[in-house]
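Welcome to a short tour of a protein chain. Please have a look at the sequence and the fold first, and then read on for some local details.

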Amino acid sequence: ATFTVLLEESDASDMSGSNAVADADLVGTEALASFTFANDGVCRKLGYIGHKRYTRLTITPANNTGAAPMAAVALLGHPSSMPTANPPA
C-alpha cells in the first residue's frame, strides 16, 4: 500500500474554499511525509507556516485491500520553536 499526504488550508471552519498548501508555506514536503507499507513504522513530520486559520491533513491509501490503522498528532507552536525539517534527525 502507498499512502499519499495532502495538507490543505482555509479561512473557513468548514474548509470551504480550501486550497492545497503552497510549498513555501510547508516545513518539509508532502512527498517526504508520504509513505508505503514497507516503511510505515517511521515517524513523519510536516510543518505549516502559512497564515490561514484552519488546516486539514488527508492521508489517501492506494493499492490497499485491508484496514490501515494510523495516527496523526497536530501541535500548535510558537514561531520561536518552529518544526524541524523532515525527515527527523
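## Confidence across the chain

In the protein chain, strand E4 (residues 35-36) has the lowest confidence, with a mean of 87, while E2 has the highest, at 96. This is a predicted model, and the mean pLDDT of the protein chain is 85. Of its residues, 87% reach 70 or more. A word of care for reading any such model: where pLDDT is low, the predicted coordinates should not be read in detail.

## Salt bridges

How many salt bridges does the count come to? There are two salt bridges. One of them joins the side chains of Arg56 and Glu8, with an N to O distance of 3.0 Å. Arg56 sits in strand E6 (residues 54-62) and Glu8 in strand E1 (residues 2-10), so this pair, 48 residues apart, links distant parts of the chain. Arg56, in turn, is partly exposed, with a relative accessible area of 33%.

The side chains of Asp11 and Lys52 also meet in a salt bridge, at 3.3 Å from N to O. Asp11 is exposed, at a relative accessible area of 53%, whereas Lys52 is partly exposed, at 33%.

## Positive phi angles

Next comes the backbone. Most residues other than glycine have a negative phi. Which phi value does Met15 have? The phi of Met15 is near 65°, a positive value in a residue other than glycine. Met15 lies in the loop between E1 and E2, and it counts as buried because its relative accessibility, 10%, is under 20%.

Asn63 is another residue other than glycine with a positive phi, near 60°. Where is Asn63 found? Asn63 is in the segment after E6. Asn63 counts as exposed because its relative accessibility of 71% is over 50%.

Methods
Residues are numbered from 1 along each chain as its sequence is written. This is a predicted model: local features need pLDDT of at least 70, side-chain atom pairs count only at pLDDT 80 or more; totals for chains, interfaces and linings use all residues. Side-chain values use heavy atoms; hydrogens and water are left out. A salt bridge is a side-chain nitrogen of Lys or Arg within 4 Å of a carboxyl oxygen of Asp or Glu. Helices (H or I, at least four residues) and strands (E, at least two) are DSSP runs, numbered from the N terminus. Buried means under 20% relative accessible area, exposed over 50%, partly exposed in between (1.4 Å probe, protein chains only). pLDDT is the predictor's confidence in each residue, from 0 to 100.
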